[in-house]
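Dear colleague,

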Amino acid sequence: MSPQETKAEAITTPSLLPGELTVDAKIRPSSFGEFVGQERTKKLLNRVLQAAAQREEPPEHMLLVAPPGTGKTALARIVRGDHGREINAAMDGTSSRFADAVKWALFVPNLRFIHLEELHDLPRRSQEMLYPLLEDGDFSLPGGGLFHHSKLSVVGTTTDLGRLSTPFVQRFRVYRLDEYSLSDVQTIILRAAPKLNVDIVPEAATEIALRARAIPRIANRLLRIVRDFGDPITPELAKQSLDEVGIDKHGLDLFDWKYIKFLVAHDNRASLSTLAAALGEATQTVERVYEPYLIKMGLIDRFTGGRRLLRLPS
């Protein structure tokens, strides 16, 4: 993904972009020790796993909750290790396909974990299908028959806990990931650089981290973009290259500034539908994709009549 081929607003999306899967796997941590940040959650997960091992019992089912790009999948894969099977609810969410995916996972030798990705995309019927498995280790096989697994734990990830039914969530121990500090993001960049065969000085990592919105996936993406402009990466190169692709020192992109300037030109307020039409995006996209960071920055707020600009970035 070269900077010439990538829109600024795509660069700052926390979601995985096409073509990133391979490089994402290359730099993903493979142990709690390699995983930067989330100290509280890592300690809790490690304690649960160790205690369960000492009791020779499966650990409680775990549900990791956090925004996209913040390490849920990496942590879930560390938890399951080499004894788990991953199922993506977004791909296998229909009841029949999901049941088949679970069935084949259950027959994997030495299975200890089923890792369910994107659980918020799992239909209610499929959630209910899992209740016996979560409670007693029982699963009704497609076509008839019952499979029992007494040593199985389920580890799930989601970005939207509200889309899961309360009875389903209550069958898990829920872990909410914390926000990453600037120091955490800087360390993530410094650790990723050698894996991407690029040299970088700590000050340049800080420059990139400042624009990464406290999201590891965005930080690694920015690192790869800056790499295209030169090696080694200096603070000057990092600043110049990210300015060129339209990511400013606050992590705001060209779309964010278009949004802000529209509000300024309309007495600092506008309805959502007016904003969406002016920006050429669906209202749902504006609400779910673009506004959360502006709200987090304290730049806008939502009110009954639409959106209001609270301040300009300093």
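Tyrosine 290 counts as buried because its relative accessibility is 10%, where buried means under 20% relative accessible area, exposed over 50% and partly exposed in between, with a 1.4 Å probe and protein chains only. Phenylalanine 255, at 5% relative accessibility, counts as buried as well.

Please bear in mind that this is a predicted model, in which local features need pLDDT of at least 70 and side-chain atom pairs count only at pLDDT 80 or more, while totals for chains, interfaces and linings use all residues. Residues are numbered from 1 along each chain as its sequence is written, and side-chain values use heavy atoms, with hydrogens and water left out.

A search of the whole structure finds four aromatic pairs, a pair being two rings of Phe, Tyr or Trp (its six-membered ring) with centres within 6.5 Å, called stacked if the planes are under 30 degrees apart, edge-to-face if over 60 and tilted for the rest. The ring centres of phenylalanine 255 and tyrosine 290 lie 3.7 Å apart with planes at 25 degrees, so this pair is stacked. The two residues are 35 residues apart, phenylalanine 255 in helix H13 and tyrosine 290 in helix H15 (residues 283-296); helices (H or I, at least four residues) and strands (E, at least two) are DSSP runs, numbered from the N terminus.

Tyr131, Phe168 and Phe172 form one aromatic cluster, and arginine 171 lies over the face of tyrosine 131, at 3.8 Å from the ring centre. The criterion for a charge over a ring is NZ of Lys or CZ of Arg within 6 Å of the ring centre and within 35 degrees of the ring normal. The charged end of arginine 308 likewise sits over the ring of phenylalanine 303, 4.5 Å from its centre.

Arginine 308 belongs to strand E10, where it stands opposite arginine 269, and E10 (residues 306-309) runs antiparallel to E8, joined to it by two bridges; strands pair if DSSP finds at least two bridges between them. The open sheet of three strands has the order E8-E10-E9, and E8 (269-270) and E9 (300-303) stand at its edges with a single partner strand each, so one side of each is left without a neighbour in the sheet.

Turning to strand E6 (residues 153-158), six of its six residues are buried. E6 pairs in the parallel sense with E1 (residues 62-65) over four bridges, and with E3 (residues 113-117), also over four.

Best regards
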